[in-house]
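Entries follow in the order I looked things up.

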Amino acid sequence: MSSVPTIVTPQSLIRPEIQALHAYHVPPSVGFVKLDAMENPYFLPQSLRQELAQLTADAAINRYPDAGAYDLKLHIRSVTNLPSGMDLLLGNGSDEIIQVLALALAKPGAVLLSVEPSFVMYKMIAAFTGMRYVGVPLTQDFSLDLQATLDAIKREQPALVFLAYPNNPTGNLFDAEAVRRIIEATPGLVVVDEAYYAFASDSFIPHLARYDNLLVMRTFSKLGMAGLRLGFLAGSKAWLEQLEKLRLPYNVGVLPQLVASKLLQHHDVLLAQAESIKQERTRLMSVLSTIRGVKAFPSEANFILFRVAKATQIFEGLKQRGVLIKNLNGGHPALADCLRVTVGSPEEDAKFLAALQNSINQLA
Ligand code: PMP
């Protein structure tokens with residue numbers, strides 16, 4: 001029997017919804033003042049770096065990591081103030097946790113709902129996992145549109161809702177009462193994503209025990225550990241023991257476990273850096289609001305969203321002057337002419353501000 005040869009190509013085999021995606025874009029940044037990814041700009045004190053060097057030199061990297069990350073979880077608990085009875089699940093960054101959640105809840109036809117503009121990975125991971133994504137627009141000042149969100153919840157019956165608190169890329173903290181109303185109205189699971197908790201004035205961790213359908217996700221990326229890739233999900237055992245089944249056994253390596261455990265024992269150092277970043281945010285915000293033609297939006301995170309005429313040209317002007325920020329123009333319509341700058345060190349921010357002013361002057 002003769003068989004017809006079939007040509008196997010990525011296009012013939014890969015799911016169309018994956019082919020339609022654009023990979024998450026990370027631009028090259030070597031040599032730039034890097035203010036595009038919400039990293040902590042500060043180094044650790046020399047003595048602590050020395051301790052880390054010893055610790056990593058002695059690490060058993062020939063062995064698999066502790067799959068349960070027992071020590072690390074104890075250290076996370078000691079700095080997090082979880083309500084009693086609450087458990088933790090660890091991720092290789094919180095991105096991975098978003099994926100675990102979506103994988104778990106992706107029954108055929110299930111909806112993942114979020115607001116827009118918000119963190120782009122919610123929508124991307126909905127596509128990875130075959131969930132139907134619904135994005136409810138925020139209001140013009142980037143607040144929650146509570147009525148529109150409640151209507152969408154009633155209509156779409158989402159299995160999974162993500163609310164970034166504070167929100168990325170807008171930087172604001174949603175009204176807590178509106179978030180509570182959304183949790184109460186949702187027939188599915190609500191995940192409050194507190195990636196920027198270290199810079200914010202409120203948290204839903206104290207409310208975990210009050211709602212059966214609430215989990216809180218955090219990352220240590222913005223607190224000075226972006227390179228370690230470590231995030232966690234906090235919530236009841238009933239949820240987490242199911243989600244644990246989807247976590248790959250060794251997702252947090254030996255070195256991240258050791259280093260993060262050590263750093264969390266020096267949490268005061270990280271918190272002091274976060275405090276400096278908050279003070280610098282206030283200063284940066286006040287200078288930005290004096291620049292003619294710039295409208296900066298309030299922030300409870302370690303970045304500031306601002307609108308400026310000819311944003312893409314300004315973004316390119318900054319790049320030519322050696323400063324890399326994030327261009328949001330051309331993405332979501334609500335972000336027309338918007339740029340996002342991470343709060344850096346005072347020296348980095350001075351370079352950013354000078355480059356911004358020069359780029360604006362050049363285009364005037
Ligand atoms: N959630 C939000 C709202 C974010 O902005 C980010 C990072 N940009 C993440 C989650 C993911 O962070 P990570 O994977 O570094 O933990």
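**Second largest pocket.** I looked up its lining and found 20 residues, of which Asn40, Pro41, Tyr42, Phe43 and Gly224 lie nearest the centre. I worked on a predicted model, where local features need pLDDT of at least 70 and side-chain atom pairs count only at pLDDT 80 or more, while totals for chains, interfaces and linings use all residues. I number residues from 1 along each chain as its sequence is written, and side-chain values use heavy atoms, with hydrogens and water left out.

I set the terms on a 1 Å grid over the protein atoms alone: a pocket is an open set of points with protein on both sides within 12 Å along at least five of seven lines, a cavity is a set where a 1.4 Å probe fits but cannot get out, and lining residues have an atom within 4 Å of a point. The second largest pocket has a volume of about 410 Å³. Volume here is the space filled by probe spheres set on the points, with grid points joined across faces, edges and corners.

Which helices each supply at least two residues of this lining? I noted helix H3 (46-57) and helix H10 (254-265). Helices (H or I, at least four residues) and strands (E, at least two) are DSSP runs, numbered from the N terminus. By class I get 10 nonpolar, 6 polar and 4 charged residues in the lining of the second largest pocket. The classes are: Ala, Val, Leu, Ile, Met, Phe, Trp, Tyr, Cys and Pro nonpolar; Asp, Glu, Lys and Arg charged; the others, Gly among them, polar.

Where does the second largest pocket lie? It lies between domain 1 (10-44 + 268-363) and domain 2 (63-265), because both give residues to its lining. The domain bounds come from an automatic or database domain assignment.

**Cavity.** I searched the whole structure and got 1 cavity of 30 Å³ or more. The largest cavity holds about 70 Å³ of space. Its lining has 14 residues, and Ala67, Gly68, Ala69, Arg247 and Asn251 lie nearest the centre.

**Rings.** I paired rings of Phe, Tyr and Trp (its six-membered ring) if their centres lie within 6.5 Å; planes under 30 degrees apart count as stacked, over 60 as edge-to-face and the rest as tilted. The count comes to 8 aromatic pairs. Tyrosine 122 and phenylalanine 162 are stacked, because their ring centres are 4.6 Å apart and their planes are at 5 degrees. This pair links distant parts of the chain, 40 residues apart: tyrosine 122 is in helix H6 (residues 120-129) and phenylalanine 162 in strand S5 (residues 160-164). Both tyrosine 122 and phenylalanine 162 are buried. Buried means under 20% relative accessible area, exposed over 50%, partly exposed in between (1.4 Å probe, protein chains only).

I then took phenylalanine 220 and phenylalanine 232, a tilted pair at 5.7 Å centre to centre and 45 degrees between the planes. The residues are 12 apart, phenylalanine 220 in the loop between strand S7 (214-219) and strand S8 (231-236), phenylalanine 232 in strand S8. Phenylalanine 220 is buried at 1% relative accessibility. Phenylalanine 232 is buried too, with a relative accessible area of 1%. I also logged one aromatic cluster formed by Phe119, Tyr122 and Phe162.

**Charges over rings.** My rule asks for NZ of Lys or CZ of Arg within 6 Å of the ring centre and within 35 degrees of the ring normal. Arginine 49 lies over the face of phenylalanine 43, at 4.9 Å from the ring centre.

**Backbone.** Most residues other than glycine have a negative phi, and most peptide bonds are trans. I noted a cis peptide bond between tyrosine 165 and proline 166, with omega about 0 degrees. Another cis bond joins asparagine 168 and proline 169, with omega about 15 degrees. Proline 166 is in the loop between S5 and helix H8 (176-185). Glutamine 157 has a positive phi, near 50 degrees, and is partly exposed at 49% relative accessibility.
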